[in-house]
Structure formats: structure tokens, C-alpha cells
Amino acid sequence: MQSGTIRGLFLDYFRSKEHLIMPSFSLVPQNDPTLLLIGAGMAPLKPYFTGEKKPPHTRVATCQKCVRTPDIERVGYTGRHATFFEMLGNFSFGDYFKEEAILWAWDLVLNGYRLPVERLWVSVYENDDEAFTIWNENIGVPADRIKRLGKADNFWEIGLGPCGPCSEIYYDLGEEAGCGSPDCAVGCDCDRYLEIWNLVFTQFSREASGELLELKQKNIDTGAGLERVAMALQGVHSLYDTDQVRPLYEHFTGLADPARRDQQVPLRVVTEHSRGTTFLIADGVIPSNEGRGYVLRRLLRRAVRFGRLLGIEGDFMTEAASLVVEQMGAVYTNLKERHDYIRQVIRLEEQKFQETLAQGMEILDGYLERMQQEGTKVLPGDMAFKLYDTFGFPLDLTAEILHEKGFAVDREAFGANLKEQQDRARAAARSATGKDLNERYKAAEGLSTVFTGYEKLEQGAELLLALANDKAVSELNRGDEAELFLDQSPFYAEAGGQVGDSGLIETEGAAFKVHNTVFTPSGQIVHQGQVIEGQFKIGSRVRAKVDQVRRRGICRSHTATHLLHRALRRTLGDHVNQAGSLVAPDRVRFDFNHFVALSKEQLRAIEEEVNRMVIDNVRVSSTMTTLRAAKEAGAAALFTDKYEEESVRMVEAGDYTRELCGGTHVTATGEIGLFKVVSEEGIGSGLRRVEAVVGFSAYQQVVKNDQLLKTIASAMNSDLPQLKDKVNEQIAELKMLQKVNQELKRKVAAGEVKSLITTAMEVDGAQVLSAQVTADSLESLRQVMDEVKNNLNSVAAVLGAVSNGKVILVSSVTADLVERGIRADRLIKAVAGTVGGGGGGKADLAQAGGSDPAALPEALSAVEKLVRDQLQAKAKPL
């Protein structure tokens, strides 16, 4: 029976038992911070079990995609462990209970799937006599085929709250799949007795006292692993032999080096992880060093490393994703919808890791060699951290490689190194003053300011406190720089990326110019500025006036940021989330997570979409609501903001965008005027930044661009309509001249090489050439090296040149000499060190640079000895 039939039969059966069939939820939990990923069929239904939400039906059945990683190290080493799997499940929310759950499960297994009864076994919790009786007396399963297991195996609970006993159905794969132990039975850790269905009876509540109380509403939560049921029905001993997984296994087998195709563990790892990575990316997860992004990165990089062990080169995980989509896309349609996106993410991560994998493995091999010499068994944490920080090796990958060779890693010391790096980063990000803000604003403890700036830009208030030089003062005079605290203020304090307001605070005969407005750590509003006229006294009445022109510009920019965020998600995908922003009066800067540079077409589409919303002039409104209600309405919460459940502010621009936000906004999108993107760039791994101008600044940018085009057109004796053709003509002519120039350089290089090769020397039977030549770039130097190789079939060569006051170096070793132990990358590293530089490459070709041209002759003269040393090292007996 094929997996598709197994899935369909399960759902059809429970549909006939009046269950609501719900589609699989995303692997990314919704509104559940306690879960990293969905790892069980019941996980996305948890609000229905806890009573937080009312279920759409008291009976539900699903086929839920799941990712679970606690057993990742066992994936590949057994036939049943997997990180990605499909979980068939039927659930009851206060409806039916044990008898129906057991009866229907047995009926489907025997009469639906027609599994042979002599291969089936059952387990119950050791104290669950009710379940034992149902199985034995009601169903007719012989008592000797019902095993009572303890709490560790057959009682489900997570801390306090709902819990209950389990009952499991096992399928006997036969003695040949077992461990051979005479004690092998249900509950053994070998592959023989395969658990295919787990029935959880949630009937108790664990109290703080340890007591179990009977629940008034009892629930059913069952899970049958699709791949495991397929193993039983298809008569195979491994999930890798089932119909959905076998094609992937065969695909990777075909890619592997023929001499390594019998290496089962690496083949299983790349097969299994290709499924998990594809599904995770389809659901919006992108590789990172934290959270679910780390899970994805770990799966991908583990697969790439095992692929290398098989001799598989290139973007093999990228290509495997297409096969996963082809197999599973009919059931999980978002795979097809996001096919190109999935390939892009995998390819970038795969290529990124492949660039450092070989170098990192070389470093790790060096560590292992040193540990063997020193007789130590634990890799120091600082060494593991270097592999993580420099070469992208997740700690778990390093630990697994070490474990394979009988070593371990100091995880505690690794954690200390990681924390030290994080602490340094936090310290660098602290206020430039370095002064503790809590201490600085201690005098403001107990004060509060009511913010009135959503409704008004002028506000009468009382001056509660003034700080000058971080000390409370009773009065301020002209010229004094200070920080003022009021009981009410229309000034918006810098928060959520929006800059603070500026303006004036006035009293009779006195004025204080507010340069910036910020929050104290305790949340009081601080007006920072200088007295420009008169005198201020504590307790006096003042009038706070926000700079209205500047505030209107900030409002335009903030609403534009919301429109930009939505346009990015619509254009690039739902994985896009804000990672930081700047909302200034005339411009916006928006940081977001994305894995690749945006194309010109994408930027044009995003800019156009924002401006269409501006032209449509939709109403912008804000409402106070609960967090739950806002999320149910589809509101997005931006990056790391924290929100209280009781009350959140939701800002809406028509039906286009809806976000939780405390900032200030226009009343209609038309007030933005114009939105113009000015740049897009990468600012870190998986992070991009878009900068744009808004309103009159956007108009000025358009005028500036127009003037620039006209200037260029005039310089090229063209007008604007013909400018593109004129530029293309000039580019074509330039390329032709560059081609002529390259050919001239090649001829010069060829002439120089004819005399150069006569200086080649022989070292232990190998031709060696090292020389300083004329070249103005690395490309030119490589051309000279190509001419050397065209004239010498067997050679180890290092060429150097001086360009723009810097040393450039290229090393090349022909294949026959690489076999004898000469490596270009090692030659170049040693030579570059002499000229104050560094570089790298491969065994047959490497390049480098340096800062000391005067040392170049000395560096090149060392090549003969370097080659001799490498040949002798290769010749030494092991």
C-alpha cells in the first residue's frame, strides 16, 4: 500500500466517524512561544486541549507534518529515526474516550490496513487496568500479547497540568530486524518491534503536590507515524525503503562516488535531511544561528558534510529539494508554490558552507592530530568556538565528527566563549557615555508622564523635575543644558525605530529648546535640550509644543515603513520580518531578514506597490485592543517588541496592512506624498537593508536623478530618449577595446614567458619556477601563469608582481606534482607570509597578496626549498 493511500484511508476512516478533517498546520508554531517547531500532531491543537480556544469540532483528524530533532544524531544509524515525518492523528476534545479510541484504531489497523494480527502487539501503562480490559475483553487481544510498561514509556506528562496513560500498537518486523537478544520484546530499543500508533488518554491533572486529579473533560490524542505504518504495510525494515523515501535514497546513491555507494549512514543522512530542510524553508524558516533557523542550518550543514563523505560535489541538496517537491507537492501545495524560493535558500546556504567546509575540516583534522599526540580526549571549547565562529561549524556538527573518532567537546567552555563574544557585542552597543542609565535617572523614580501626542501637539503641563549634569536642580537659566520631566507631554520619545520629537517648552518669559525626546529605563519621558531664554523653576506651569512640521514628516515616514514592510512580504514571501528600522522626518531605513540581494525588478515592484497605496489614499486608523484579538485580526508584531496581553495598539492602513505599533502616523496614506527607494544592501548574514526617502525629500531625489540623466546625456551628445542606446554603443566599444588590450597583454606575457621558462630548475625530479614578472592585476598575473602551464606540462610555479605598491602572487602545481605532495595553497601561504600578507586556494591553484614589495625577491627565492620540503615530507614512511 502506497503512502498516499495510507494517508487517504486514515482521514477517510475518521471522516466516517464524524471527525472534522483539518489540513496540516505550518511547522512554525503560531502564538506559542513554548515551542520551537511542531513536533507532534497535537502540538498545533494545544489551545483546544487547554481550553484556551474552542475547537471547531469536538472530533478532529489530521495528517500533520512534523520536525523533531532530539534524536538527530541517531538519524542514519537506525532505520526508524527521522527528523521529518508525517503524523496521522485523531483527537477528541471532551467527546469520546478510551473505548472508542482503542476500538477504532484496532479496526483501522486490521480491517482498513489489513495488517496481519499475528504481527501485532499492544502495550498499556502498568496501572491502566481499564485500557487492559478494553483490549483484552472488548477487543479480544490475548493477555500475553498486551505488555504493561512503566511510566517512562507509557505515561504522558509535561510538568504540571493535563496528563495521562498511553497505549501503543506495535508491529513485529521479524527476528531478522531484531537485536538477537533472548530478552528482545515490546519495549526493546532495537528495530524489531515498531511502534506504529500511540493512543494518549488525557484523563488526569498533575497537581503541585504530586497528586493526580481526574479531569472533568477527558481528551484523546493519538499519533500514527505515516512512515512507520508504511514500513509495516510495504514489508520493509527501514523508512528509507518506503515508497516516499526510497527515490531520494536512490537519487543520492546515483550521485555518490561508485566506491562509496555502500556507505549506508551518509546516504541515509542526506536522504532524510533533504526532506526536513525542504519543508522547513517552505514554511518560512531561513538558516540562522538561533532558534528554528539554527535547526535548519544544522540539518543542511550536516547533510552537506555527509554528502562530501560520499564524494558528492556541487549543489546536491538544492537539486534534491526539487525531487521532494515533485513527490510531496500534490499533498503540501506550498512546496510547489515556493519551489524556486526553496531552491534559492538551500543553494545559498549550501554554497556558503562549502566555501569553508574543506578549510574547517583541515583545521579540525589538525586539532584531532594534536589531541592524539597529547593523549587528550576532549576538544577545548575555544577551538570548537573558532570552528563555529570562523568556519560556520554548528557545535553539534563538531561534536558529532569528534564522536565518530572517539573524542568529545568541552560544551561548557564553548558556551563560555560564546557568552563572552555576546557580552562584548552588548558592551559595544551600550550608550557612548557608558554611564548607567538607571543611576542617571534615579531622581525620576516614582514620576510618571502621560503621553498626549497621539491627539495633540501642544499641551499644558507641570515641570516636575530638571536634571543638569545628571543632578536634580531647582531652577534653570539661559544657556543651561538639561533634561526636563513633565506630568503630561505631547512629545513622542524615541522608540520602535521612530526618532524622538523636538520642539519648545515655554513658560512666561522663558523658552527651552527640545533637541530630542527619549525614555528612561523605567519609562518616563525625558525632554533633552537647552534653555534659550529666561528662567525655569520646578513646579511652574509650562506649555509643551512639538515641532509640527518635523512631526508630520515623521508620521509620513512611519506609515511608509508599514507599507514597505507589507510590500516586501507580498513580493519576497512571508518569511520577511522586520529586524530594525529608523523612522526619520524625511527618510526611512528598514532592516529585514532575507537571504539574497533584491533584483532591480523586485525593488521596482515594491516601490510601485507602496506608491499605489499612497495614491489610493486609504484611511489610516489606530485602535486599542487585546493581543489575542489583534493576532486573530491578522496583525503583525514587529521584530523584538514586547506587548502586554491586556492592551495593545493596532495601526491599520485600510485592509492592506495591520500591525501592532506605538508610533505616530498620518491619517491617510495620501499624506505620504511620494516614496522613493534609494538603496538596498546586505548588512549581515541573512539580513538586508532598504533605505528610502519620503515626501518632499522623495521629490528632491527624483529631481536630482533627472538632472543627473540630463547632464550625462549632454556629455554624450545625446538627448534623454536616445541616451540608453548611446550608452550601449559606448559600452560595446569599451568592451572591444578591453578585448584588444587583453590580447596585447597575452602576447606580451607569451614573450616574457619564453625567456622565463629557461630559468626553471629541477628539484628531486620536479620542475620548479619562481620569478617576479610584470603584471598590473591578479588577472594579468594569472594570464602569465597560464602561459607558463601552456609551455611546461609538469611544473610547480610561483609568480609575483608589484601592482599599485602591493604584492600580488599566484601559485600553480600540475596534477602529477600534486600527487607527489606539492600543494599550491601551502606554497602561497609561506611565500605570502614573507611579504606581509596572506592568501589561499586549492592544491593546484592559489593566490595571495602582500604589503611589502621589498621582500618579494627573498620570498620567491624560498620556493625551491619549500618544494623540496614538501616532496621529502610526502616521501617519509608513515
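In this predicted model, the count of salt bridges comes to 42. One of them joins the side chains of arginine 74 and aspartate 189, with an N to O distance of 3.2 Å. The two residues are 115 positions apart: arginine 74 sits in the loop between strands E2 (59-67) and E3 (84-93), and aspartate 189 in the loop between strands E7 (161-172) and E8 (193-206). Arginine 74 has 30% relative accessibility and so counts as partly exposed.

A salt bridge also forms between aspartate 191 and arginine 80, at 2.2 Å from N to O. Aspartate 191 belongs to the loop between E7 and E8 and arginine 80 to the loop between E2 and E3, so this pair ties together parts 111 residues apart in sequence. Arginine 80 counts as buried because its relative accessibility is 12%, and buried means under 20%. Through shared partners, salt bridges join Arg74, Arg80, Asp189 and Asp191 into one network.

Elsewhere in the chain, six strands make an open sheet of mixed pairing, ordered E31-E32-E33-E34-E36-E35. Strands E31 (761-763) and E35 (838-841) are at the edges; each has a single partner strand, so one side of each lacks a neighbour in the sheet. From one strand to the next the twist averages 20°. Within the sheet, E33 (residues 796-803) and E34 (residues 806-813) are antiparallel and pair over eight bridges, with alanine 796 opposite valine 813 in E34.

Two helices accompany these strands. Helix H22 (residues 778-791) packs on the sheet and touches E32 (766-772), E33, E34 and E36 (845-850), its direction making about 30° with that of E34. Helix H24 (residues 824-834) lies across E33, E34, E35 and E36 and runs at about 155° to E34.

Notes. Residues numbered from 1 in each chain as written. Predicted model: local features only at pLDDT ≥ 70, side-chain atom pairs only at ≥ 80, totals over all residues. Heavy atoms only, no water. Pairing = 2+ DSSP bridges. Helix = DSSP H or I, 4+ residues; strand = E, 2+ residues; numbered from the N terminus. Axes fitted to C-alpha atoms, helices over the stretch in contact; angles between N-to-C directions. Contact = heavy atoms within 4.5 Å. Salt bridge = Lys/Arg side-chain N within 4 Å of Asp/Glu carboxyl O. Buried < 20%, exposed > 50% of the residue type's maximum accessible area, 1.4 Å probe, protein only.
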